[in-house]
Amino acid sequence: MAEILSGKLMSEELTRDQARRVAEMKEQGIHPGLAVVLVGEDPASQIYVRNKGIACETIGLYSRTVKLDKDIPQAELIKAIQALNEDPLIHGILVQLPLPKHLDEEVVLASILPEKDVDGFHIDNAGRLFTGQEGVVACTPKGIMYMLKQAGVPLAGKEAVVIGRSNIVGKPVAMLLLGEHCTVTICHSRTQNLKDHCRRADILVAAIGKPHFVTADMVKPGAAVVDVGINRVDGKVVGDVDYEAVKDIAGYITPVPGGVGKMTISMLMENTLEAACRQAR
Ligand code: NAD
């Protein structure tokens with residue numbers, strides 16, 4: 001039976017620590033602030049944005065939600081972001097994705113000042129991660145590494161397999177695992193013999209977006225299985241891993257809900273605090 005890596009417990013501990021750090025920063029005259037830009041009224045995005053606001057409030061961060069019309073021209077959205085770039089009360093800026101189709105995500109993300117890009121999606125920060133330089137690391141991959149390290153999962157020299165090659169999860173988590181000296185394989189929708197790759201993994205990260213995709217026969221006994229997926233099935237949230245079957249084979253497993261998702265918000269808070277400290281210096 002696998003050790004369950006509880007994002008819920010780890011994030012609760014982080015929240016207490018972050019609240020203490022925010023109080024200390026305020027004593028030194030630093031009031032960290034996060035702005036979340038929401039374009040349109042996508043229901044899932046609205047929930048995510050609300051949860052981010054609650055997380056800010058819990059640790060004492062100043063938070064501002066900038067709500068913009070779904071038809072906003074790109075130039076106006078960029079103007080709104082530039083105003084936040086120049087706003088001394090704001091240390092972190094997050095543009096909630098996905099954006100409406102008429103907006104070019106790459107151009108919009110590139111308009112955020114890299115030091116305020118707390119999502120770590122700006123090309124400067126992605127490039128820094130790729131070249132091993134210090135920068136802002138995307139929240140979900142950062143949270144995954146935090147969980148693995150917190151649980152003491154051995155990384156150096158181990159086989160890590162990441163399923164999924166997105167810019168927000170698959171690729172950055174692969175780079176972070178490489179940075180910890182894992183031997184990394186990135187699998188994707190065109191990968192042949194996927195099961196064979198997966199069965200070799202000491203660390204298996206599933207970031208696919210397909211419910212119960214990773215089955216027990218894809219998992220090496222004792223492996224650390226990280227389930228990034230968030231899928232809605234019959235009104236319930238489930239991951240990409242067949243949790244009930246895999247937990248009897250894996251050495252470590254992250255549940256859904258209560259796993260990686262919790263860490264993502266904690267790491268957003270972490271990135272905002274770090275950004276505020278750097279900008280105060
Ligand atoms: P994406 O759709 O951008 O990428 C999915 C990846 O899965 C692609 O690279 C694709 O090649 C791969 N894939 C698809 N079908 C496959 C197959 N049959 N075999 C092998 N690979 C296959 O998704 P994403 O943005 O990386 O998100 C992945 C999942 O993680 C989603 O469920 C998303 O909701 C979730 N997510 C969770 C968090 C969190 O905080 N927990 C954060 C971001 C994303």
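Helix H6 passes helix H7 in a right-handed crossing, where a crossing is right-handed if the near helix is turned clockwise from the far one by less than a right angle, and left-handed if anticlockwise. Helices (H or I, at least four residues) and strands (E, at least two) are DSSP runs, numbered from the N terminus. The structure is a predicted model, in which local features need pLDDT of at least 70 and side-chain atom pairs count only at pLDDT 80 or more, while totals for chains, interfaces and linings use all residues. Residues are numbered from 1 along each chain as its sequence is written, and side-chain values use heavy atoms, with hydrogens and water left out.

Two packed helices are described by the angle between their axes and the distance between the axes. H6 (residues 139–150) and H7 pack at an angle of about 40°, and their axes are 9 Å apart. H6 is therefore oblique to H7. Axes are lines fitted to C-alpha atoms, for helices over the stretch in contact, and angles run from 0 to 180 degrees between N-to-C directions; those under 35 degrees count as roughly parallel, over 145 as roughly antiparallel, 65 to 115 as roughly perpendicular and the rest as oblique.

The chain is divided into domain 1 (29–113) and domain 2 (139–261), and their C-alpha centres lie 29 Å apart. Each of these domains contributes at least three residues to the lining of the second largest pocket. This pocket has a volume of about 680 Å³. A pocket is an open set of points on a 1 Å grid where a 1.4 Å probe fits, with protein on both sides within 12 Å along at least five of seven lines; lining residues have an atom within 4 Å of a point. Among the 26 lining residues, Phe121, Ile123, Ala126, Asn167 and Lys171 are the closest to the centre of the second largest pocket. H5 (123–130) provides the largest share of this lining, six residues. By residue type, the lining comprises 18 nonpolar, five polar and three charged residues.

Most residues other than glycine have a negative phi, and most peptide bonds are trans. A cis peptide bond joins Leu97 and Pro98, with omega about 0°. The bond from Val256 to Pro257 is also cis, its omega being near -5°. His181, although not a glycine, has a positive phi of about 70°; His181 is found in the loop between H7 and S6.

Note on methods:
Grid points are joined across faces, edges and corners, and a volume is the space filled by probe spheres set on the points. Ala, Val, Leu, Ile, Met, Phe, Trp, Tyr, Cys and Pro count as nonpolar, Asp, Glu, Lys and Arg as charged, and the others, Gly among them, as polar. Domain bounds come from an automatic or database domain assignment.
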